[in-house]
Amino acid sequence: MCQDRPNVDDGVVFRLCTQQKPDSLYFYKEPKPLPADFRLTDLECEEAEKNDGIGGLSVWDVSRTEPDQARAFLSTPRPTVYHLRVAAIRSITDLKLHVCRDPLADARKGADGHCLIANVYSKDEKTRRSIRASVMREAKYVNDLKPQRA
Amino acid sequence: MNPTPSTFRNDRSRPPLREHGFALRPNDWPLDRVAHERYVKLIIDQLVVRPAPVSASALRWIDYIRSLSKGNLVATTVEHATDLLWRQLCQSLPSIYPPDASPTEDGTLLMSWLRDEHHFEIEVMPSERYVWFYRNHELNRDYIGEGSPSEALTPEFMERARAVFV
C-alpha cells in the first residue's frame with residue numbers, strides 16, 4: 001500500500017471519529033476512544049482483500065490539515081478528533097504498522113495532509129481486533145463530547 | 001401454604017431465633033400470634049431474593065439500549081439482543097459496570113471496557129449473535145469468541161471478563 005508513497009516518520013496525525021451524532025454514543029464516565037472509531041468497515045475490509053490484504057486507516061497530518069478541513073472532505077459531521085503520535089504507532093510491536101502519505105486528488109486546502117496507517121487489516125478477525133485495540137491504546141481524545149444523559 | 005414448624009425443622013437456613021429476639025429453642029415455632037407473624041416475615045425477608053440496587057449509571061445505560069432502535073441507530077434485533085445480553089451479564093458478573101458504546105457503520109453495536117492493560121469488547125450483530133474480544137496489552141495476549149444471549153456464557157468468556165471486572 002505504501003510502497004511508492006513517502007512514509008511519515010514522526011509527528012502527530014489525527015483520526016476523525018466515524019459517528020455523525022454525539023447523541024448516538026454512550027460513555028460510562030469520561031469519553032474514551034471507542035473501537036467503532038478505529039474499525040474498518042465491511043467495505044474497507046473488502047477493499048483490503050482486493051488489495052492483497054493490505055488495508056489502511058484514514059488519518060490526517062496535523063501539520064498539514066485542520067480538523068474542519070478534513071471534515072469538509074468527508075461530507076458528514078464527525079465531531080470527535082483523536083491524536084496519535086506516529087512514533088507510538090510505529091513502535092507497536094509485531095504489527096509493522098506505519099504511516100504513509102496518501103494525498104487526496106482535491107484542490108482544497110488540507111488535501112495534502114491525508115495519510116494512512118498501513119497494515120491495519122488482517123484476514124484473521126482476532127488479529128484485526130488486536131491491531132485495532134493496540135492503535136486505540138495510543139489514541140488521545142482531543143475534543144470533548146457530551147455523554148448522553150438520561 | 002403457611003409454614004409449619006416441621007417445614008423448617010432441620011433447615012439450616014432458618015433464621016436463628018435467639019438472634020432475633022425469640023426466646024425459644026432453635027427448632028420451636030413461636031406460638032404467640034404477634035411473634036408468629038414477625039417470624040414469618042423474617043423468614044420471607046430471608047428467602048425472597050431481592051434485586052441488587054440499580055445505580056444511576058446502570059439505569060442510564062438501560063435507557064440508552066432501549067433508545068437505540070427508536071433513533072434508527074441499530075436494528076431492533078441488536079437492541080433486543082443487547083438488552084438480553086446485559087441482563088445475562090449482570091446476573092453472571094455482579095461487578096460489571098456499563099460499557100462505553102457506539103453503533104457502527106455496519107449496523108452493529110460495539111461495547112468496550114478499557115481499564116489499565118485490559119481491553120474488552122463485545123460487538124452485537126443484527127443476527128442477534130455477538131463477538132467478544134479481550135486483549136491484555138501487557139501480556140500481549142488476545143482471546144476471541146462468539147455467542148448468543150440465548151446461550152450460556154462460555155467458561156472462556158467468564159475467565160476473561162472476570163479479569164476485567166474484579
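For its 150 residues, chain A has a radius of gyration (taken over C-alpha atoms) of 15 Å, which agrees with the value near 15 Å for a compact globule; that rule is 2.2 Å times the number of residues to the power 0.38. This is a predicted model, so local features need pLDDT of at least 70 and side-chain atom pairs count only at pLDDT 80 or more, while totals for chains, interfaces and linings use all residues. Residues are numbered from 1 along each chain as its sequence is written, with chains lettered from A and ligands numbered from 1 in the order in which they are written.

Chain A carries four helices and seven strands, taken as DSSP runs numbered from the N terminus (H or I, at least four residues, for helices; E, at least two, for strands). Of its 150 residues, 36% are buried, meaning 20 or more other C-beta atoms, placed from the backbone, lie within 10 Å of the residue's own.

As for the two chains together, 22 residues of chain A touch 28 of chain B, a contact being C-beta atoms, placed from the backbone, within 7 Å. Helix α4 (residues 125-138) of chain A gives the largest share of chain A's side, six residues.

Over in chain B, strand β2 (residues 109-115) has six of its seven residues buried, so it is largely enclosed by the rest of the structure. β2(B) pairs antiparallel with strand β1 (residues 100-103) over four bridges, pairing requiring at least two DSSP bridges. β2(B) also pairs antiparallel with strand β3 (residues 118-124), over seven bridges. Here B:S112 has B:E121 as its bridge partner.

Key: Buried ≥ 20, exposed ≤ 12 C-beta atoms within 10 Å, placed from the backbone.
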